[in-house]
Amino acid sequence: MLKIIAIPAFNDNYLWLLHDGKRALVVDPGDATPVFDTLAELNLKLDVILVTHHHLDHTGGVSALRVKTGAKVYGPATENIPKPYEAVSEGRNITALGGQFQVIDVPGHTSGHIAYFSPDVDGKPLLFCGDTLFSGGCGRLFEGTPAQMLGSLDKLATLPGNTVVCCTHEYTLSNLRFAVAVDPDNADLSRYQTHCINLREQNLPTLPTSIAQELLINPFLRTRQPALVAAARQLDASAQDDTAVFAAVRQLKNQFK
Ligand code: ZN
Ligand code: FE
């Protein structure tokens, strides 16, 4: 039996920790302190650290955790993260906690961003996607192009619908305010927004989400839907192909208040 825990950090990060009651794996530990606290509280030994990209809110605690626990660190092959670590990219399989994690290249937020997908964690697929996919949104394009990010999100969209999706930020409510503005007649979206508002009122995370849920409500997985194409063309009347529409929707989100 593996258990997944969202450890809150900073303002709105979640540090995802997976454990079997004895050993643990942590993803993107931007801060070591809350991870040490959780390990001590549950009496766990940290085996593995998975890093999705180089931003400090995902890597700030890596060295302290590695030095103190001896955990093995995996990270993107083409980005600078705290050394030593094993550089991995798409096609690579990692064994951790007795399970398999496949590396998927998902450039866009950063140019070397990777995600980790396990086809079976206690009967369900599991995805750690860093800052690529959020519930109701996607990461800002700091280093990559719209074409790269669309390609990355298209890959994630083909994962099984019941995949448990562990995103690293609690941005859901603000993402959904934008989503409703550009996809106003989406009944699944308004239902989901009500559900998430209720969760946040009780101080509960809106995450993890699932691929099936995101396909219904996430504007960045729905840029080929007529409503999103129409919204994109309000901004850029010449947006014809998938990439131009995606770029325009991303631009609208950047400007949205
Ligand atoms: Zn980031
Ligand atoms: Fe981040």
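This briefing covers the sheets, the strand pairings and the helix packing of the structure above.

The model is predicted: local features need pLDDT of at least 70, side-chain atom pairs count only at pLDDT 80 or more, and totals for chains, interfaces and linings use all residues. Residues are numbered from 1 along each chain as its sequence is written, chains are lettered from A and ligands numbered from 1 in the order in which they are written, and side-chain values use heavy atoms, with hydrogens and water left out. Helices (H or I, at least four residues) and strands (E, at least two) are DSSP runs, numbered from the N terminus. Two strands pair if DSSP finds at least two bridges between them.

**First sheet**

- Six strands make an open sheet with mixed pairing, ordered β1-β2-β3-β4-β5-β6.
- Its edge strands are β1 and β6 (86–88), and each of them pairs on one side only.
- On average, neighbouring strands of this sheet are turned by 25° against each other, direction ignored.
- Helix α3 (residues 62–69) lies across β3, β4 (45–50) and β5 (72–76). Its direction runs at about 145° to β4.

- How many residues of strand β2 (residues 13–19) are buried? Seven of the seven are, so β2 is largely enclosed by the rest of the structure. Buried means under 20% relative accessible area, exposed over 50%, and partly exposed in between (1.4 Å probe, protein chains only).
- In a regular strand the side chains alternate between the two faces of the sheet.
- Both faces of β2 are covered. One side has Asn13, Leu15, Leu17 and His19, the other Tyr14, Trp16 and Leu18, and all are buried.
- Strand β1 (residues 3–9) runs antiparallel to β2, and seven bridges join them. Isoleucine 5 stands opposite leucine 17 in β2.
- The β1–β2 hairpin has three residues between its strands. Phenylalanine 10 takes a positive phi near 50° there.
- On pairing with strand β3 (residues 23–27), β2 makes four bridges in the antiparallel sense. Tryptophan 16 faces valine 27 in β3 as its opposite residue.
- The β2–β3 hairpin also has three residues between the strands, and glycine 21 in the turn has a positive phi of about 95°.

- Another open sheet of six strands has mixed pairing and the order β7-β8-β9-β10-β13-β14.
- β7 (93–96) and β14 (209–210) are the edge strands, each pairing on one side only.
- Strand β9 (residues 114–121) pairs with strand β10 (residues 124–130) in the antiparallel sense, over four bridges. Lysine 124 in β10 is the bridge partner of valine 121.
- α4 packs on the sheet, touching β8 (99–105) and β10. The direction of α4 makes about 150° with that of β8.

**Helix packing: conventions**

- Two packed helices are described by the angle between their axes and the distance between the axes.
- Axes are lines fitted to C-alpha atoms, for helices over the stretch in contact, and angles run from 0 to 180 degrees between N-to-C directions.
- Angles under 35 degrees count as roughly parallel, over 145 as roughly antiparallel, 65 to 115 as roughly perpendicular and the rest as oblique.
- Contact means heavy atoms within 4.5 Å.

**Helix α5 with α6**

- The axes of α5 (residues 172–182) and α6 (residues 187–201) come within 10 Å and cross at roughly 155°. The two helices are therefore roughly antiparallel to each other.
- Thr172, Leu173, Leu176, Arg177, Ala179 and Val180 in α5 meet Leu189, Tyr192, Gln193, Cys196, Ile197 and Arg200 in α6.
- This contact of α5 with α6 divides into eight nonpolar, two polar and two charged residues. Ala, Val, Leu, Ile, Met, Phe, Trp, Tyr, Cys and Pro count as nonpolar, Asp, Glu, Lys and Arg as charged, and the others, Gly among them, as polar.

- α5 and α9 (residues 242–255) pack at about 125°, with axes 10 Å apart. They are therefore oblique to each other.
- Asn175, Phe178 and Val182 in α5 meet Val249, Leu252 and Lys253 in α9. By class, this contact has four nonpolar, one polar and one charged residues.
- The axes of α4 (residues 146–157) and α9 come within 9 Å and cross at roughly 95°. α4 and α9 are therefore roughly perpendicular to each other.
- Pro146, Ala147, Met149, Leu150 and Leu153 in α4 meet Asp242, Thr243, Phe246 and Ala247 in α9. The α4–α9 contact has seven nonpolar, one polar and one charged residues.
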